[in-house]
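Here is a short report on one protein model.

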Amino acid sequence: MHLARREGVRVAQRLGLCDAPSPDMTDLRRFPRVPFGKPIEFSAKDEELAVRMDGIARDISLGGTFIETDLPGPVGQQLVVHVALPGSKREINLPAVVRWSGRDGMGVQFGLLGARETHEITEFVKANGGSG
């Protein structure tokens, strides 16, 4: 388990957000997450000439994604995740914030999503084995 994720679990335990040690953060997530494994791009939010960086979204849910990248952002950084879900005809741009960051990538939490984005992600998750 990544050091940042392990520390996040410890903090959650101290705050009473989870009861027992967990090897992953499944019990802390509000939304079902499914494997994704597709190339995505992300950029810093609110930069006039934001450069798009490449990554691989290893999983996805309505709440967020893990982005495998050589250039993870610092915790708290505001991002825009640019992704085209399989079967979709358009790219969606999802506001996000870095919640944890490590050598292999970063976990991001999506911000306020529009109705179309919410529907597309929900349908993708359901079609790929996620419940909810």
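Buried means under 20% relative accessible area, exposed over 50%, and partly exposed in between, with a 1.4 Å probe and protein chains only. At 38% relative accessibility, arginine 58 therefore counts as partly exposed.

The model is predicted, so local features need pLDDT of at least 70, side-chain atom pairs count only at pLDDT 80 or more, and totals for chains, interfaces and linings use all residues. Residues are numbered from 1 along each chain as its sequence is written, and side-chain values use heavy atoms, without hydrogens or water.

**Fold**

The protein has two helices and six strands. Their order along the sequence is α-β-β-β-β-β-β-α. Helices (H or I, at least four residues) and strands (E, at least two) are DSSP runs, numbered from the N terminus. Of the 132 residues, 36% are buried. The accessible surface is about 8,000 Å², and carbon and sulfur atoms hold 52% of that surface. These areas come from the Shrake-Rupley method with a 1.4 Å probe.

Contact means heavy atoms within 4.5 Å. Among contacts between residues at least 6 apart in sequence, 53% join residues at least 24 apart.

**Around arginine 58**

Arginine 58 sits in strand E2 (residues 53-60). Setting aside neighbours within four places in sequence, arginine 58 contacts Pro35, Phe36, Gly37, Phe66 and Glu68. Glycine 105 is 47 residues from arginine 58 in sequence, yet the C-alpha to C-alpha distance is 9.9 Å.

**Strand pairing**

Two strands pair if DSSP finds at least two bridges between them. Strand E5 takes part in both pairs below.

A hairpin of two residues links E5 to E6.

**Core**

A nonpolar core is a set of buried Ala, Val, Leu, Ile, Met, Phe, Trp, Tyr and Cys residues joined through side-chain atoms within 4.5 Å. Which members of the largest nonpolar core touch the most other members? They are Val108 and Phe110, in a core of 22 residues. Strands E1 (34-44), E2, E4, E5 and E6 and helix H2 (115-127) each give two or more residues to this core.

Beyond residues up to four places away in sequence, valine 108 touches Gly63, Gly64, Thr65, Ile67, Leu79, Val81, Ala96, Val97, Val98 and Arg99.
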